[in-house]
Amino acid sequence: MSDARTIRVWDWPLRLTHWGFAVLIPFSWWAAENSHWAWHERSGLTLLGLLVFRIIWGFIGPRTARFSQFVHGPSKVIAYLKGARILGADAIGHNPLGAWSVVALLAVMLVQVGMGLFAGDPYDGLTGPLNSLVGVMTADMLTEWHETFFWAVAGMVALHLAAIAFYAVAKRNNLVAPMITGKRVVDMPVEGITPPSLPKVALAAAVSAGVTIWIGLGAPPLT
Amino acid sequence: MYRSHALNFMAIAALASILAACGGQTTTTTGPEPAVIKEREKNFKVIGNTFKAIRGQLEKDSPDLAVVADAATDMNAAALKIEGYFPEGTSRADGYDTEALPTIWEKPEEFAKANTMLVDASAEMITLAQGGDVAAVAAHVGNIGKTCKNCHDTFRLDDKK
């Protein structure tokens, strides 16, 4: 058993992405409720960029950010729920159940942002950048789904917050501080993550910005 | 440890209820919202939905002009109701959650004219759809769209910001 020490668990681009979601999801909802449609669109497109970044980061980021490191099959999830301790490199980062919560959160956000791209009516206010690619009735349907599906996103966020509260109260494990500082105290024999390489951050940022700008322009032909 | 968290939660809950109470107070300063605001929004929704139904038909390979004529009839009926939905004291400036600008009451003649444009354009759409000429119906969609935009530009809150 090693002594208690502070190690890095979450890299800074991952934390920035996370808090971007935390700020922009409520902001997008507020902007829509108060008819600030240009802000709603800007916020939605920024969320799209963050989502694309997070997905790329899930392949090239440090180990706690990688899907291949934290997404496991049902047997590990069940073992974790039965109280199995996770050892080795996976002892920090998402636990097997939380990993699926991350996947679900990303999925509902992607679906929500994706529908928003097609939403609106050109004769009635602002439209998503891809609105003209679908028919008027399809756009109308997607607009209504986009409005209703917010509650699926809100539900997943509520579950996420409930889990954090559960860890804080029942397991006496503060998950919020490490997501802010990137560090936590451990007494297990596990190594922290290495700092993210700047060229990789730049690559992921450039690709996600490029994809977002292209979609924001209405996905024009590239040739 | 558990106790301090419980106290935190209680403090947050108390704070939230205080904030909720504040919110309740600020919304009651202008009095209850006149029912006509929701009714006219519903009426404009009818206009929007009938216009979508018309455009939806025209996106099809063989548009059903009977559907277009029906939608245009409903649109026309809703357009005729507009003038009755704007009593004094129901603008955004009166503190209600509405996109109706005070310009409606400042320029009543212009507002009536804008309304008439939609009444006429939708009546024309009924005639064209009954006439059976798909190309003429399709060409007239833009004219209806212009009447929407014309009125929104002057009398409705610009919510593209």
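A: In α6(B), the buried residues are V137(B), H140(B), I144(B), T147(B), C148(B) and F155(B); a residue is buried if 20 or more other C-beta atoms, placed from the backbone, lie within 10 Å of its own, exposed if 12 or fewer, and partly exposed in between. The model is predicted: local features need pLDDT of at least 70 and side-chain atom pairs count only at pLDDT 80 or more, while totals for chains, interfaces and linings use all residues. Residues are numbered from 1 along each chain as its sequence is written, and chains are lettered from A and ligands numbered from 1 in the order in which they are written.

The cover over the buried residues of α6(B) includes α2 (35-58), α3 (65-81), α4 (103-106) and α5 (108-131) of chain B. Helices (H or I, at least four residues) and strands (E, at least two) are DSSP runs, numbered from the N terminus. Helix α6 of chain B has 22 residues (residues 134-155) and should span 32 Å at 1.5 Å a residue, which agrees with its end C-alpha atoms, 32 Å apart; the expected span is 1.5 Å times one less than the number of residues.

Chain B as a whole contains 6 helices and 0 strands, in the order α-α-α-α-α-α along the sequence. Of its 161 residues, 24% are buried. Among the contacts in chain B with a separation of 6 or more, 68% join residues 24 or more positions apart; two residues are in contact if their C-beta atoms, placed from the backbone, lie within 7 Å.

Chain B also meets chain A: 16 residues of chain A are in contact with 15 residues of chain B. On the chain A side, α2 (37-60) and α6 (136-169) each supply at least two residues, and α6(A) gives the most, with 5 residues. That side of chain A comprises 8 nonpolar, 4 polar and 4 charged residues. Here Ala, Val, Leu, Ile, Met, Phe, Trp, Tyr, Cys and Pro count as nonpolar, Asp, Glu, Lys and Arg as charged, and the others, Gly among them, as polar.

The largest nonpolar core has 24 residues, and those with the most contacts inside it are L47(A), L48(A), L51(A), V113(A) and F118(A). Such a core is a set of buried Ala, Val, Leu, Ile, Met, Phe, Trp, Tyr and Cys residues joined through C-beta atoms within 7 Å. Its largest share, 7 residues, comes from α2(A). A second, separate core of 21 residues includes Y123(A), I47(B), L65(B) and L128(B).
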